[in-house]
Amino acid sequence: MSFVSLEYGCLLLAAFILFWVSPRPWRIRLLFAASYLFYMAWDVRFVALLLASSTTYYLCGLGIANRQKSSGKITALALLPGVWLALCSIFEIQGRTVSNEVLIAAFSFLPVMLGANRLIGKMSSDQGRRKGFLWLALGINLGLLGFFKYFNFFADSVGGLVEQFGLSSSWTLTHIILPVGISFYTFQAISYIVDIKNKKIEPTDCFITFATYLAFFPQLIAGPIERSTKLLPQLIAPAKWNISHLHIGLRLLLVGFFKKLFVADNCAILANHVFAADNPEINTAWAFLGVLAFAFQIYGDFSGYSDIARGSARLLGIELSLNFRFPYFALNPSEFWRRWHITLSTWFRDYVYIPLGGNQGTWGATCRNLAIAMVLAGLWHGAAWTFILWGAYHACLLMAFHYSPRWQQACESGRAAKLACWIGMCGLTLIGWAIFRSDSMFQFYLWFTGVFQWQVTDAMEWEKPARWLLLHIGPLLLLQWATLKERDEASLDHHHWATRGFIYLLLFVFTATSMVNDQEFIYFQF
Amino acid sequence: MKSNPLISRAFLFGACLMIGVELAVRISFQDNMSGRFEYGFHPSAGFIEEGGQVHLKRTGGRRFRPQSFTVEPPEGVFRVFVIGDSVTRGSSVESSYAGRLAVELKAQGISAESYNLGIGGHGARRKHLTLVHSLNYKPDLVLLHINNSNEFEDEREFLRSTEFNSWHPRNWPMKSIALRRVYEMKTEKVFWKWIPASIRMSQAKNDADAEIVAMSSEGATERWNQRVRELTGESTQAALAKQIPILVISQAYNMESENQSRRLDDNGLENIAESQTQKGVLHLSMKQVLENLDFQTLYSDRSHLRDEGHEAMSKAIVQKLIDSGIVSLKK
């Protein structure tokens, strides 16, 4: 169920109306039902994974806080994934089939949870019990993430390596389907369990509340990755009705759809051409045009998605975190990561980089910590060598900035120096996007060599497509200029109401006249 | 404490502005509104009646070449309507065989007026709708140029018309003429001109590609010929019901033979037209008219005629009318 679909519109409208007319205690149940209905629309079988993750983190969270649940309740919760898959199999919901092996694996979740709960619960040391439940939750869920997201990649890589040595990798592997949103909800759950372990928050006793926290439909598929300290209190104590929820929600939806439909989908036409497999026509102009188009495609796509998610949540009185803040105005890599996919970068900072020691150690240790955090961030985006390279590339940029006082000073100096920093950072960002967008290392090589090919006989003319690109990024840049004073890219509060009305009209016209292409959100694949 | 209104002033202002622009565009492009969202399937789009005159207009729903005639035919003037597609339409009314017909008839001493109702891309379904409406203006003869190369387009536009008039919200914004015009301007003036064809074809849902795929499907021509047969039958019956004679012209295509030479191919249309002939229904084969001439010089491409080709066709039509007695019977 894409955000750009009638089904999503109906779900959001129904959730909005029912949420505000329901008694407050019922609202969390309504959000739970809506969120699971939303996830079911992708593939009913994946609900079992979501239930397994929710159950593990919920029980382990309680275990860490030494709030044990009865065996009956643990049994009931741990049976949920298996029972769900059995129902899918019996009634053939959405025509999906479930193999016996998968059913056995799902039902084996029960003895694992019961056994682990009993074993860890018996530990005499409080510290040991806390660590035990933490590692149980991390082990099960990172194991699921690793299996579903990276199994094919590592199997293919090992196969390739074996063949390099002249051996035959004759094994046949089942292609594993990647469940949508798994990277996002796994990270959100990790923040919950680690925060309980660090005594930053108390676990919730209500399973429905926790399951909704993990599956809250506006941000389930592609974030923002919320922290329990921000989202859980809003779910436990729903906001009171205020007309500003409707106004802000609708404005965010309008800006989000504009970024997605007008900017991203139209830029995609050029980016997809340049990064098409083995495109021999790339010259300097097209290489630049393609990567610039992709830079605005991915920004429009993902920040548009984030705005739609924030707008949808705001209609339900829930405020989600900012995910983007003018990232292409950054003067250096550090600033870029404070502006781009903010909830992911702060997650890696808080749960990987700082626990590893951050920048408190030696030069080498800091570089190591940065490298680990950024390569993992790259790998989080997808199981491919290009993503790993992209992460490593950004790690190098961060290290270079971290240990370059001249660069740091230039970012704080006069306009000319700042302009030079901005131009340099734009160039570096574009190289990063070329790595990110390439389907393979070979394709990146083709793009890179294309940058230096001034004349290519078969290359198409690029001036008119450049105009097309400018036509679609110009309004976005104007919007950003209009909101530059605000913390939120989508906020126009400081403008006169007539100016805001005029901008809303323009955004609506741009969006409505671009509703032709039907492109999926890029970040849904992560 | 001051409470916020349900609709913010900014939203209200934006909405009022949109409504204002919409009203202004609707008033400015009033003529263009006829059948705007019917994709050629509106029964009377493009026929604008004003003070006893009928104006054929290039509207959003049907893009006629601009012409005018009286609602009631002038006394003693032989009125001919020619219904067809881009072949009939020609490069201008005057140079098309439809426009030349009146001149040729006048040269034979017959007072006549002829009108070109050809619209590019129209297949049997849309031609039938045009023909049925044109019968209200009491022609003395209707010419129906049949073809089978526009059936895919006819079907596609029919589906679009049906879809567009459905309840689905994705169609709502485009029901605004202001948004529609911006969208069309963007598509036709920007997208088609600024994005190279190879990129458009490889990524966008391209009508031309879809047609090629449809044409290559098994039995496509057979199915389309069947539709042309049925609708030509309905058209002839509609004309006969009003006792108006009809001349069916079957299209011929300028094809390349296996030995690289050119040949004319009727693609099964002669058979369709011939099967309709009866009292009041005549058939003229374009193939038979042109194959005795140096036809390669008469075609501009596979289907369309040069001005010389139109001239040859108009002469042949007049001869057919005289031979069949339709003209002499009337005058």
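Begin by selecting the interface, where 31 residues of chain B are in contact with 36 residues of chain A, contact meaning heavy atoms within 4.5 Å. This is a predicted model, in which local features need pLDDT of at least 70 and side-chain atom pairs count only at pLDDT 80 or more, whereas totals for chains, interfaces and linings use all residues. Residues are numbered from 1 along each chain as its sequence is written, chains are lettered from A and ligands numbered from 1 in the order in which they are written, and side-chain values use heavy atoms, with hydrogens and water left out.

With both chains still displayed, consider the area that they bury between them, about 2900 Å², 78% of it on carbon and sulfur atoms; buried area here is the accessible area (1.4 Å probe) that two parts lose on being put together, summed over both. Next, colour the side of chain B that touches chain A by element: helix 1 (9-28), helix 6 (177-194) and helix 7 (197-203) of chain B each supply at least two of its residues, and helix 6 of chain B gives the largest share, 8 residues. Helices are DSSP runs of H or I with at least four residues, strands are runs of E with at least two, and both are numbered from the N terminus. Across this interface the rule finds 0 salt bridges, a salt bridge being a side-chain nitrogen of Lys or Arg within 4 Å of a carboxyl oxygen of Asp or Glu.

Now move to chain A and select A:Asn66, in the loop between helix 3 (46-64) and helix 4 (71-91) of chain A. The phi of A:Asn66 is near 60°, a positive value in a residue other than glycine. Most residues other than glycine have a negative phi. A:Asn66 counts as partly exposed, at 48% relative accessibility; buried means under 20% relative accessible area, exposed over 50%, and partly exposed in between (1.4 Å probe, protein chains only).

Finally, select the whole of chain B, which has 13 helices and 10 strands and whose C-alpha atoms fill a box of roughly 90 × 55 × 30 Å, taken along the principal axes. Of the 331 residues in chain B, 51% are buried.
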